[in-house]
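Here is a friendly briefing to read alongside the model. Please keep the viewer open as you go.

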Amino acid sequence: MSFLAALIFSYLAIQQLPISLLPSIDVPQIIIKLDVPNRSPVEIEQNFLRPIRESLSALSGIEAIESQANSQSGQVILRFAFGKNMNLAYIESNEKIDQLSASFPKDLPRPQVVRVNTSDIPLMRLQILPKQANSDWVMLSELVEKVIKKRLERLKGVSLIDANGLQKRNLIITPDMLQLKSLNISIDQLIERIQSQNLELGALSVKDGQYRYYVKLGNRLNSPEDLQKLYLSNEQGDRIALAKVAQIRDTIARPQGFHLYNTQNALVLSIQKQAQAKTTALVPLLYETVAQLKEEYPQLAFHLTQDQSLLLRLSIENLQSSLLLGTVLAFVILFVFMGNYSIPVMMGISLPVSLMVSFLVFYVFGLSINIISLSGLALGLGMLIDNAIIVLDNISRKRAEGLALLESCVEGTSERIAPLVSSVLTTLAVFVPLVFLNGLSGALFYDQAVAIAATLGASLVVSFLLLPVLYRLFYFRKIGIPNSDSWFFERLLAAYQYLEYYFFEYKIWAFGLFGGLLMIAFFLLYQIKISNLPDLQKRESQLIVFWNEPISVFENQARTRQLIKTHQDLHLSSESEVGFSQFLRQEGQNLLQKTEIYFACKSSTQKIQLQNALQAYLRQQYPQASFELRDALNAFDQLFQSKKALLSLKWKSIQAHQPLAIEKIRPYARALAEKLAPYQPSLEAGLQLATSLNLQLDAAALQRYQIPAKTVLNSLEQLFGTLNITELKNFGDIIPIYLQSPDTDFKQKINTHYIFNQNGQSYPLALFVKLEFQEDYQAYTADKTGVFHSLALAQVPPNWESLAQQLRQEALSQGMTLELEGTYYETRESLLQLGIILLIAVLLLYFILAAQFESFWQPLLVILTLPMGLAGALIFLWTGGNTLNIMSAIGAVVMLGIIVNDTILKIDNINRFRRSMPLLEALHRAGRISFKPILMTSLTTILALVPILWGSGLGAQLQKPLVLAVMGGLSIGTFTAVYFVPLLYWALARGKAS
């Protein structure tokens, strides 16, 4: 009844578990974004980003701070130590920004503070575009923002709808400069007149007896028609209609960016789900809602793209099919090895019971069903069968020795309690320390560690409490002793005994064989490639282009369209973010001369063809452009893939916060890039150049004509910027009014624009300014200590440490400092940390085994088998063409836990038989008893994982290196446990008392 109650509670827990692609984790990173219109990168760096960096660098737990200033925008990235309370860090960051905002210009939008979380990754995107070419984009934007967006946000499980491509309505006032000059009216007078007619009284009220009335200003501007009725006056008292001296246009706001679906302008909604929502429940709701939208708005086309739930669904389906097929194969082994069919049926009952109880543990620990936790269940499946095999095999052996049914169940189970508990503890001792890895890896391994611990704990409870009861129920009415060995297993046992005799007869050759395996592993350790993640076959590609020319956003749009049309035969669909993006949660920089294109292809082969074609096209058509071509990032990549280069060389001036002179650093960096050409160097943002217009004021002319410098600066801002005069407000609708000069050549603007002195005399603006073109940095990159200029390398040169020391000395000789960073150093640090953690795990393993065996030398037998398992893992990884990465390392650790269990079982049997017989006889007897459970546990674990090798999708691709490591390690490790452990035991126990 207790197990029935546990199953009921487990079922209820499963209904409450959230289903997500990845665990909900607070990434220790905060991004601060600034939109600073009409500001150059050097202004943004000096006046905005530097004060922000200096203020935020005092936050507790901060590890690194970097910023990048571009034209009209900037970004600061804060990276904290993992484990930092990000809720507190977010509050502290906002407080610092609020304190700084008082010193920033009043018209500057407040810097946006963005947190990064795994649940913030968009679930999918909804493309919305009109079917007619002449559609009203302002009305469409209002429909999307006020109706469709709100409708999607009401769906249960949706947290945020982020939009891009929206177009706003505004009023543009373009003054006629010649008319204003002839009427002796300045631009400032025009602006002041409009603003004075759009004032608000605020909370003003008057009392009339017992009544109170709120006062509303009667001459406030409420509509574009009110602007047409405004009049200006000059010093002579003439009344001039605003429409006579300025053109008033009710138009679409000048776009700073576009969103394209294929080659058409579109609007896009990025849909994010709540952390605790079930993806499997939310996605059908979204598809159903979009189907309704298609019926209600037939004039619009709707397309759902980049559906991240496909990764989850495919991963779950692949893991389910792999688990099912693997379970079937494992049961085939049980039927082949066992002489009766009752024992496999008992295991078939215990397996789902253990899995159901595991989900109850998920609920208690607050885990979700995701790729990581499901992979932990897949790994724990083989171990579930292992414990059941060992207990049932021992009960059957007790029956074969002539004990009664009840005594066999009790004694056969009690004999295996100590070794099985020890096996579970040693498995956890090897695996759980991975949780203490730094960064996201340790956080994600928490889910996997809890999943494995849950399955192992459930397996122990079922093996010790349920299986003996099932055995007694199955054989309660049967007469005689059931046959526990099949004909096939008896033949295998005979082959094992023959080979065991051979190994003990030729001990030197046997030790030489095992030593040779270790030498192969040592050789492969230096030959196999090391990477962060497995190589995943993808069908999506992403292209990021920086045109490195002062082009408009319309030219950027035209180039992007032409690029997509040229290669339309090589992809199914595309999505482009051209220029500035309106997404609130965008991590990248906003630049007018930047475009990001997402391509969806039919296959990975077509994706490679597309990437090659795009690379050739850009190098031929736009040689000055810099671009990044990579596989499109899915949710897993966005968390695990570092944004940093493999190697980054960062030069800084010895003078703090000062950039290096262009004529000094550029030739040096280019010469070094040519020298390191085989290692794919690239100049990063801080070394890219852009043409800028340098403007200088003529101080002598200003003094001669008594013109304040501020007047000239205001005129320049009015000419070349878009000045926000005021706003029309009407029941929530806000229409900004901008002053914009005629769209003519900038030299013509300066020559035809006039400014006034205090006496009302007008002078051409050209008298007071001097213009010249010059090369300047396209962006300013900086960290806590100041501005830096960086060169990235995609490959590590040989003898890198000595070359790096040489480069540091060269930099110092030229008055610069050189800092080196990148994923190369992070990977080395992670591997070092992993080595320390594994050493701690081995020590913990030793102490657990020493307590179990009550011996100091017997645990060494177990530890000495670990290198043999690693040898098998490396051999399988190398022959399978895989790298040594995070997933294969996890597989190796899990495999070591299983090998330890087999070795513990063998040594426990040897110790038990040594109490009553000589050493050699005890070794041979223990070998025969242990051969069946050791071989069956290894084969069932291997066969339970084999189907993953032929699976598809993200889940299967991530698990393949892990599976190869487990299969290779178990293949060699089982051979080691069966033959090498008895030899070592004999070599170390000779002459010792039993």
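Predicted model: local features only at pLDDT ≥ 70, side-chain atom pairs only at ≥ 80, totals over all residues.

Residues are numbered from 1 along each chain as its sequence is written, and side-chain values use heavy atoms, with hydrogens and water left out.

**Overall fold**

- The protein has 29 helices and 31 strands, taken as DSSP runs numbered from the N terminus (helices are H or I with at least four residues, strands are E with at least two).
- Of its 994 residues, 53% count as buried; buried means under 20% relative accessible area, exposed over 50%, and partly exposed in between, with a 1.4 Å probe and protein chains only.
- Among contacts (heavy atoms within 4.5 Å) with a separation of 6 or more, 80% join residues 24 or more positions apart.

**Nonpolar cores**

- A nonpolar core here is a set of buried Ala, Val, Leu, Ile, Met, Phe, Trp, Tyr and Cys residues joined through side-chain atoms within 4.5 Å.
- The largest core holds 99 residues, and Met346, Met347, Tyr471, Phe514, Met895 and Tyr985 touch the most other members.
- Helix H29 (residues 953-989) supplies the largest share of this core, with 17 residues.
- A second, separate core has 54 residues, including Phe48, Ala669, Leu820 and Tyr824.
- Beyond its neighbours within four places in sequence, Met347 is in contact with Phe331, Leu334, Ala388, Ile389 and Leu392.

**A buried lysine**

- Lys33 sits in strand E1 (residues 26-35).
- Lys33 is buried without a salt bridge, and the nearest side chain of opposite charge, Asp35, is 6.9 Å away.
- For reference, a salt bridge is a side-chain nitrogen of Lys or Arg within 4 Å of a carboxyl oxygen of Asp or Glu; Lys and Arg count as positive, Asp and Glu as negative, while His and the chain ends are not counted.
- A polar atom of the Lys33 side chain lies 3.5 Å from the backbone oxygen of Phe583.

**Aromatic rings**

- The whole structure contains 20 aromatic pairs; rings of Phe, Tyr and Trp (its six-membered ring) pair if their centres lie within 6.5 Å, with planes under 30 degrees apart counted as stacked, over 60 as edge-to-face and the rest as tilted.
- Trp651 and Tyr668 are edge-to-face, because their ring planes are at 85°, with the centres 5.7 Å apart.
- Trp651 belongs to strand E21 (residues 647-653) and Tyr668 to helix H20 (residues 662-675), 17 residues apart.
- Both Trp651 and Tyr668 are buried.
- Tyr846 and Phe847 also form an edge-to-face pair, with centres 5.9 Å apart and planes at 75°.
- Tyr846 is buried at 17% relative accessible area, whereas Phe847 is exposed at 55%.
- One aromatic cluster is formed by Tyr496, Phe503, Phe511, Phe514, Phe931, Phe975, Tyr979 and Phe980.

**Backbone details**

- Asn262 is not a glycine, yet has a positive phi of about 55°.
- Asn262 lies in the loop between strand E13 (257-261) and strand E14 (264-265), and is partly exposed at 27% relative accessible area.
- Gln680, also not a glycine, has a positive phi of about 55°.
- Gln680 is in the loop between H20 and strand E22 (681-683), where its relative accessible area of 47% makes it partly exposed.
- Gln562, in helix H17 (residues 553-566), is 299 residues from Thr263 in sequence and 8.4 Å from it in space, C-alpha to C-alpha.

Key:
Polar contact = N/O pair within 3.5 Å; in protein donor to acceptor, adjacent residues only side chain to side chain.
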